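The sequence and model are shown first, and the description follows.

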Amino acid sequence: MDAESVDILIAGGGPVGAALALALEGSGHSVILAEARSADSAGARSVPAGDARAIALSYASRLLLERMHAWPGLPVTPIETIHVSQQGGFGRTLIRAADCDVPALGYVANYDDLQRSLLAAPCSARRLFGARVSSFDGSKAIVQTREGEHVFAPRLTVFADGARVADQPGAPAYSKDYRQTALIAWVRTEQAHHGRAWERFTPEGPLALLPHGAGYALVWTIAPERSAHLAALDTPAFLAELHAAFGERLGAFLEAGERSAFPLVLRYRREETRPRSLAVGNAAQTLHPVAGQGFNLGLRDAWELAQFAHDARDPGSERFIAAYRRARSLDRRAGIRFTDSLVGLFSNSDPLLKLGRGAGLLALDLLPFARRFVARRMIYGARGLP
Ligand SMILES: Cc1cc2nc3c(=O)[nH]c(=O)nc-3n(C[C@H](O)[C@H](O)[C@H](O)COP(=O)(O)OP(=O)(O)OC[C@H]3O[C@@H](n4cnc5c(N)ncnc54)[C@H](O)[C@@H]3O)c2cc1C
C-alpha cells in the first residue's frame with residue numbers, strides 16, 4: 001500500500017493533541033490528527049466519549065486557549081484564592097489572585113467541555129476519529145479505522161496519546177507507582193465556595209476541593225484499598241467520611257455526584273529513540289494531579305512545539321527535534337520535580353516533617369514575595385508564558 005505524505009501526524013486527539021492541531025493553524029504544514037475514540041454522533045460537533053474529570057486550568061492556559069480561539073464559550077468556574085493546610089498540624093497559607101496581579105489563579109472546567117471546546121474551534125487539520133495509530137517505525141505510521149488500514153509517511157509524528165509511554169517500543173521511560181488512587185466526584189457543601197479552592201494535605205495523600213459550578217470538584221488522593229471502600233459506600237456514608245477527612249471549614253457535605261477512581265503514577269520519557277517523532281502532554285510526562293499541572297504543562301508543550309514548527313521547513317529534522325527538546329526541558333523537569341516532591345513531602349505523618357511543613361506554610365503565608373513566586377510558578381511554569 002502506498003504511503004500518504006503529510007507534514008505532521010498527531011497520534012491522539014485528547015486535549016493536548018487537539019490543542020496542538022489548533023496551535024499549528026497558519027504554520028503552512030499539512031496536519032492530520034488521529035484520535036482512537038469515535039466521534040459522538042449525538043452532538044452537533046465531533047466529541048470523543050466522556051471523562052468525568054475536572055481540570056484546573058491555570059491563568060496562563062486561559063491565555064493560550066484564547067490564542068487558539070478555544071476559550072470563548074468554555075464553561076469554567078474561576079479560582080480566586082487557594083487555601084493550603086495540613087490535617088492535624090499547624091500552619092496554613094492563602095494564595096490570592098491579587099498576589100500575582102491576575103484576575104483569577106485558574107479556572108475549573110470539565111475535561112469533556114474542554115475537549116469539546118478544542119474540537120469546536122476553527123481548525124484546518126484533517127481530523128480522523130475512530131482512528132488508532134497502531135504502529136510507527138520512524139518513517140511510516142499505520143492508522144487503523146473502521147474502513148481499514150491507512151499508511152502515512154509523516155515528516156514528524158507527535159505522540160499525544162496520553163499515559164501510554166511505557167507501551168511504546170524504543171521509548172525508555174521512568175515509571176513510579178505512587179500506590180495512591182485519585183477518587184473524584186462533584187460535591188456540594190453547606191457553605192458556598194466564593195471562588196476558593198482548598199488543598200488539604202493528609203497522611204494518606206492530598207485532598208483537593210476545586211470550586212466547580214454550585215459546588216466543588218473533589219480530588220481525594222488515598223490508598224487504592226481505601227478508595228475502593230469509599231467508592232462502594234452509599235452517598236450519606238461517603239459524605240460523612242469526606243467531612244471527617246476535610247474538617248469543619250465548609251460545614252456539612254450535602255450532595256455527591258458519581259465517583260470515579262484513577263490510579264496515580266509518575267511516568268516520563270527520558271528520550272525518544274525513534275527518528276522523526278516526539279511526545280507531548282501525558283505521553284511525554286504523566287504527573288500526580290496534586291498541583292493540577294498535567295494538562296497545563298502539556299498545553300505549553302503543544303504551544304511551544306507549534307511555534308517551532310511555524311518557522312521550520314522540515315519539522316521532523318534532527319535539528320528541529322533537538323531544539324524543541326532543549327526548549328521544553330526546564331519546564332518539564334521543574335513540573336515533574338515540583339509535583340513529585342509535594343507528594344513525598346506531604347503524604348506522610350513523620351512528626352518532624354509535619355513540623356517543617358507547618359513552618360513552611362506559615363512562612364509562605366507571611367512572605368508575599370514567596371507566595372508570589374510559588375503562585376507564578378504554578379500559573380506560568382518554570383519558563384514563563386511561551
Ligand atoms: C484525577 C485527575 C485530575 C487531574 N486534574 C488536573 C488539573 O486539575 N489540571 C491539570 O492541568 N491536569 C490535571 N490532570 C492531568 C490531565 O488530565 C492530563 O494531563 C491531560 O488529560 C493530558 O492530556 P493528553 O491529551 O496529553 O492525554 P489524554 O487526556 O490521556 O488523551 C490522550 C488521547 O489519545 C487517544 N489515544 C490513545 N492511544 C491512541 C492511539 N494509539 N491512536 C490514536 N489516539 C490514541 C485517547 O483516546 C485520548 O483521547 C488530572 C489527571 C487526573 C487523573
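## Strand pairing and the nonpolar core

Ile 8 has Leu 156 in strand β11 as its bridge partner. The model is predicted: local features need pLDDT of at least 70, side-chain atom pairs count only at pLDDT 80 or more, and totals for chains, interfaces and linings use all residues. Residues are numbered from 1 along each chain as its sequence is written.

Strands (E, at least two residues) and helices (H or I, at least four) are DSSP runs numbered from the N terminus. Two strands pair if DSSP finds at least two bridges between them. The pairings of β11 (residues 148-159) are tabulated below.

| Partner of β11 | Sense | Bridges |
|---|---|---|
| β1 (residues 4-11) | parallel | 7 |
| β10 (residues 141-145) | antiparallel | 5 |
| β18 (residues 277-279) | parallel | 3 |

β10 and β11 form a hairpin with 2 residues between them, and Gln 144 stands opposite Glu 149. In β18, Ala 279 stands opposite Phe 159.

A nonpolar core is a set of buried Ala, Val, Leu, Ile, Met, Phe, Trp, Tyr and Cys residues joined through C-beta atoms within 7 Å. A residue is buried if 20 or more other C-beta atoms, placed from the backbone, lie within 10 Å of its own. The largest nonpolar core has 103 residues, of which Ile 10, Leu 20 and Val 158 touch the most other members. Leaving aside residues up to four places away in sequence, Val 158 touches Ile 8, Ile 10, Ala 11, Leu 20, Leu 278, Val 280 and Leu 305; contact requires C-beta atoms, placed from the backbone, within 7 Å.

Conventions:
Buried ≥ 20, exposed ≤ 12 C-beta atoms within 10 Å, placed from the backbone. Contact = placed C-beta atoms within 7 Å.
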